[in-house]
Amino acid sequence: MNVSLILIILLIGAFVTYFVGDKLASKVALFFSLAALGCSIVLLNHYNLGESISYISQWIIQPKISFVLNADGLGIAMLLLTTALTPIIIFSSFGNSYPNAKGFYALILFMAFAMVGTFLAADGLLYYIFWELSLIPIYFIALIWGNGDTEERRKAVVKFFIYTLAGSLFMLVAFVYLYTKAGSFLLTDLYELNLSATEQLWIFLAFFLAYAIKIPLIPFHTWQASVYQKAPTVGTMLLSGIMLKMGLYSIIRWQLPIAPLPAQEYMNVFIGLGIAGVIYGSIVALRQKDLKKLLAYSSLAHVGLIAAGTYTLTADGLSGSVLQMIAHGFVVVGLFLAAEIIFRRYETRAIAELGGIRYQSPKFTSMFLILVLASVALPSTFNFVGEFTVLYSLSQINIWFAVIGGTTIILGAYYMLKMFQHVMLGETNTKPFADVSISEGISLVAIIAVLFFFGLYPKPITDLISPSLDVILKVIHRN
Amino acid sequence: MNTLIAIIGLGVFCLLFEILNLRKAIIPVTIIGLLGVLAINYSEFGLTESYYNNMIAVSKYSTAFSSLFIVLTIFLVALSYNFYEDHQTKISDYIAIKIFLLAGAVAMVSFGNLAMFFLGIEVLSIALYVLAASDRTKIKSNEAGMKYFLMGSFASGIILFGICLIYGAMGSFDVIEISDLSQSAELPIWFPIGIVLLTVGMLFKVAAVPFHFWAPDVYEGSPALTTALMSTLAKVVAIATLYKLLTILNAELSESYVIVIVIVSMLSMTVGNIMALRQVNVKRMLAYSGISHAGFMLMTLLTLATSAGTLLYYTTAYALAGIAAFSVILYVCKNQDNEDITNFHGLGKTNPLLAAILTASLLSMAGIPIFAGFFAKLFLFNQAIQAGYIALVIVAVVNSIISVGYYFKLILAMYTKEPNEARTGRPFLIYAVAVVSILLNIIIGLFPSLILDLLN
């Protein structure tokens, strides 16, 4: 039994979903995504028992490209993040009805397939292929099922596509260059390369372009807010919950170990870019009038901090970043779901038009409040563990980074609570607000349970990821 | 050799169909005949022989490319059925011309003598002139034929001049003798000039910048099926021939020649792509996209010794995607008087399968993974970086990004606009060609070694 099974389940699931027709599509998709989740938990057990669950086979002989899926702790953690969020995302969409649902759900599963592949691939080209493949489904999901004016949406989505493709093509050039040096795309071979400082700098920058656009870091973030707003909520969840983690994960897996010298030399620059994202995202979020846009900018602030954590090149920084990636993945999906729940009832996302929901639906209010507090890293939530570890690692580099980065918590608390106040509290809204449905409730509760469980007891995840992070750190600090 | 004879026999046979009044059977019989030719060609694969005083030299290179030409012709003949529905009386002429064109194409990659090469290029070109002007009643088609003829014969003249200069320098038309003599230290100045003239003439046929001006007008004016032929088969033939010419005539390219190729390649990509961004006519857009692809293919000329396999792979990927795209265009624009993007509005709703196929073929041309176009670009970049042309690769990458802009314009039109008319009819052959060619594209994308290892 190995991890290729999950890829097969998701791929077959995508095809089956497409062919069962519009009525059954959502249920079949949910079934396959749950199967993938179950399968990954079983694989986690195998892994914990010390069995190898990686998959290796030859694909193309000349040039040498192998089909290698390497499941170490880090890969499995990201795999679990994807397979756990996918059913939640699919389930949460049960409240909406989409035209041509079979295509919609098939694309979601296909995207999960591509993202799982990205997290597991240990051959540069295979990784690149999965990376690019994940772009196609989200493009169509945002384009066809998105909301708002068609013309504006088209512009936003095409901009997003061209932006990300541009970044990743430079990454492809870097990979091809590495191939001419190493004679293979295998991750392990690339780790052993001895590149000169100049070569490392160019390769580092090529990777950086791809990842900075995907994450997104300042100043490559301009596609983000409009796409988050225009995409259907499911698309936004996939983008913010999982897809941008591909960029953060790739920094740890590919960029830093292959080209560590520039990261050490210009550490302050890259940490500074991350921190700048924190400040910028928080300040812009303060001024937002649209709920989804506010969440988009808050997401920009949080991922900026995660990226800063990865560039510290310390054990705490890396493990804190990974923890925060997972925590942010869950909380942001929960927040977008809450925004969608409000939109389903009121058909608006303008914060000014909302208010007084608390009196009509206390259950929803308390769940939303927990998510808001988790997002601002209240102690005992998972986000606290991640954010605190990252801030600690930043303080080891330079105390001011931690101080400025810490404003994400303060500013975050300010704009998130202000938003909560405007949306949920205040005078009773005249429009009726139906209580959360079962599918919405289950999705929210599942997310909250994860956030609390790992907030109080993060050890399973740290135990899972730290051995593989140690290996990566050893490669980073090999000189 | 047997391949060439069989193709010409098939062409004559097609003409006889008209006399025997068997027009209805012509397409199936021709396809079966071409499959037979493919089998003959396959049996010759791996042989290296020359015939008739080295007039024709069969090699791995020539058989591999001939197979590609034959497969493309099969697709084009299959598409003819619906396209010439209203011209039943002339169908055997059109089919026969396509077969003769194939004979010219095969001669162009298997020549052993420059005279044979010139014969091949003329057979191919004259067939193309006729096909370009074949829609007699339309003024645009007449214009396309005339333009193509004038410019094409001019290019043929330049090629002929180049051949003459090479003969003057070397005293022979035979490529083996010429390449032996070209190793000597003292080369007459006429020889490099002749090579340059040959290259210029072939660059015209490939439609590389700055010899591209005919392409958009001719592509737009010609009947859609002829455009399909020009942008897939004719382009592939021309670049394969140019590659072969340079390989067997002078193995060592001089430095200034390399610089010229690099500049022409960069210019072709950039001009082609930037012009394509502004087009509203799909045929014209694909003409410019073809110009930029020609720029990519020219990159193989920089690493002549090693990149035959890459060229074969790139041309196969490009041509298969082109055939798939054009079969959808033929379907959509069947009863329209132009091929504007507006005709494609809402195809995603009215005809999801064809819309998906067109999307896939455009993604392949743009170089998005899993489609063969991605691997084609990857192998190309790999070769170029290994040879040290990093600047060229960067330009190529930037161009790949630009190209997404116009390929996606078409995809957006299919999926985000409302359909403006109902499309009826499910012509079997068009569907079959579209599905088979895109499947072949994906298969060679998943298993690139199938094609790549043929010539390595």
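I count two strands as paired if DSSP finds at least two bridges between them. Strands here are DSSP runs (E, at least two residues), as helices are (H or I, at least four), and both are numbered from the N terminus.

I noted the provenance next. This is a predicted model, in which local features need pLDDT of at least 70 and side-chain atom pairs count only at pLDDT 80 or more, while totals for chains, interfaces and linings use all residues. Residues are numbered from 1 along each chain as its sequence is written, and chains are lettered from A and ligands numbered from 1 in the order in which they are written.

Entry: the strands of chain A.
I looked up β1(A), residues 55-60, and β2(A), residues 65-69; they run antiparallel and are joined by five bridges. The two form a hairpin, with four residues between them. Opposite S57(A) I found F67(A) in β2(A).

Entry: chain A against chain B.
I took residues as in contact if their C-beta atoms, placed from the backbone, lie within 7 Å. On that basis 25 residues of chain A touch 24 residues of chain B. On the chain A side, α5 (124-133), α6 (135-145) and α7 (150-182) each supply at least two residues. The largest share, 14 residues, comes from α7(A). I sorted this side of chain A by class and got 20 nonpolar, three polar and two charged residues. The classes are Ala, Val, Leu, Ile, Met, Phe, Trp, Tyr, Cys and Pro as nonpolar, Asp, Glu, Lys and Arg as charged, and the others, Gly among them, as polar.

Entry: chain B overall.
I listed 19 helices and two strands in chain B. Its radius of gyration (over C-alpha atoms) is 21 Å, close to the 23 Å that the globule rule gives for 456 residues, so chain B is as compact as a globular protein of that length. The rule is 2.2 Å times the number of residues to the power 0.38. The C-alpha trace of chain B spans about 70 × 55 × 40 Å along its principal axes.

Entry: the domains of chain B.
I used the bounds of an automatic or database domain assignment, which divides chain B into domain 1 (1-252) and domain 2 (256-456). Their centres, taken over C-alpha atoms, are 21 Å apart. I found 36 residues of domain 1 of chain B in contact with 42 of domain 2. On the domain 1 side, α10(B) gives the largest share, 13 residues. By class that side has 27 nonpolar, six polar and three charged residues.

Definitions and conventions:
Contact = placed C-beta atoms within 7 Å.
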